[in-house]
Amino acid sequence: MSKPFSLPMPPAPDTPRKPFAARGSRVTRCTGCLMAKNYCICDLRPENVRCRAQVWLIMHPEEIYKPTNTGRLLADCLPQTQVFYWYRTSPDLKLLALLADEQYQPFIIFPDDMEDYAHRVVSFEPEREKLPEKIPVFIILDGTWRQARRIFRKSPYLDNLPVLPLKTDRLTRYALRKPASDQHLCTVEVGIELLKQAGESEAADTVENYFAAFNRRYAESRGLRDEVEARLNR
């Protein structure tokens, strides 16, 4: 049975959206999980997952309706997840208010490979020890690498946030989009590794299991089951 779509509806675009014409565009999909109806995973969506750490997604609008987007799996599992759509000249007012809220300790997740923001790069544990009473927030930029870099560079309200690079040995288990490297994780995998880093092992395991179900059922709908099983068993 379908459950409500977990992402907030974006504002109406100024111009009509281009019709979705990629592979799978003619498939009849569940309105809750965007999977082909015969492979719906709404019945597997976890409920009441406990997690003090929070994930906030700044999502490129082009990701919203992609069935292969994995950021929404975090929103499915973790009720405190916040999702904001990125428009360069119109920052989300709710996001700005939350960034100013003293109860949160936000980190923006981004690689530490550029000199111009090296002074902002931090490690998680030392920062948490300074402010243990605050709620840790992982801000993940959800889009292609090019889109994420643009969000990072073109959003002045993110300029003063500490940058937390993800350090993990994990190889991607996602087989529905081909990454340039097995070290390039999809959005939900980034979230899982950050939850582990924050000591939220129960939440991380719950999201991992849901991601595995998503991976398997989507693979079955495409005839890619063997490839996905090989990745999941890494």
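Cys33 is buried, with a relative accessible area of 0%. This value, like the others below, comes from a predicted model. The closest cysteine sulfur to that of Cys33 belongs to Cys30, at 3.8 Å, which is too far for a bond. Cys40 is also buried, at 13% relative accessibility. Its closest cysteine sulfur lies in Cys42, 3.7 Å away, again too far for a bond. A disulfide is a covalent bond between the sulfur atoms of two cysteines. The cut-off applied to such a pair is 2.5 Å between sulfur atoms. A search of the whole structure finds zero disulfides.

The strands were examined next. Strands of a sheet pair through backbone hydrogen bonds, either parallel or antiparallel.

Strand β1 pairs with β4 in the parallel sense, over six bridges. Strand β1 also runs parallel to β2, and four bridges join the two. Trp56 takes part in both pairings. In β4, Trp56 stands opposite Ile139. In β2, the bridge partner of Trp56 is Gln82. Further along the sheet, β3 (residues 104–109) pairs with β4 (residues 135–142). That pairing is parallel and has five bridges. Tyr104 has Ile135 as its bridge partner in β4.

Strand β1 is largely enclosed by the rest of the structure, because six of its six residues are buried. Both faces of the strand are covered. Gln54, Trp56 and Ile58 lie on one side, and Val55, Leu57 and Met59 on the other.

A search of the whole structure finds 12 aromatic pairs. One of these is formed by Trp56 and Phe84. The arrangement is edge-to-face, with 6.4 Å centre to centre and 80° between the planes. Trp56 belongs to strand β1 (residues 54–59) and Phe84 to strand β2 (residues 82–85), so the pair ties together parts that are 28 residues apart in sequence. Trp56 and Phe84 are both buried.

A tilted pair is formed by Tyr174 and Phe211. Tyr174 is buried, with a relative accessible area of 5%. Phe211 counts as buried too, at 0% relative accessibility. Elsewhere, Phe110, Tyr117, Trp145 and Phe152 form one aromatic cluster.

The structure holds one cavity of 30 Å³ or more. About 30 Å³ of space lies in the largest cavity. Phe84, the partner of Trp56 in the edge-to-face pair, is one of the residues that line this cavity. Ile58, on the Trp56 side of β1, is another residue of the lining. The lining also includes Tyr85, Trp86, Tyr87, Ser90, Pro91, Asp92, Leu95 and Tyr157. By class, eight of the lining residues are nonpolar, one is polar and one is charged.

The largest pocket has a volume of about 1,000 Å³. Its lining comprises 33 residues. Those nearest the centre are Trp145, His184, Leu185, Cys186 and Val190. Trp145 is also a member of the aromatic cluster. The elements that give two or more residues to the lining are β4, α4 (145–153) and α5. Among the elements, β4 gives the most, with three residues. Strand β4 is also the strand that pairs with β1 and with β3. The lining of the largest pocket divides into 15 nonpolar, 10 polar and eight charged residues.

Note on methods
Residues are numbered from 1 along each chain as its sequence is written. This is a predicted model: local features need pLDDT of at least 70, side-chain atom pairs count only at pLDDT 80 or more; totals for chains, interfaces and linings use all residues. Side-chain values use heavy atoms; hydrogens and water are left out. Rings of Phe, Tyr and Trp (its six-membered ring) pair if their centres lie within 6.5 Å; planes under 30 degrees apart count as stacked, over 60 as edge-to-face and the rest as tilted. Buried means under 20% relative accessible area, exposed over 50%, partly exposed in between (1.4 Å probe, protein chains only). On a 1 Å grid over the protein atoms alone, a cavity is a set of points where a 1.4 Å probe fits but cannot get out, and a pocket is an open set with protein on both sides within 12 Å along at least five of seven lines; lining residues have an atom within 4 Å of a point. Grid points are joined across faces, edges and corners, and a volume is the space filled by probe spheres set on the points. Ala, Val, Leu, Ile, Met, Phe, Trp, Tyr, Cys and Pro count as nonpolar, Asp, Glu, Lys and Arg as charged, and the others, Gly among them, as polar. Two strands pair if DSSP finds at least two bridges between them.
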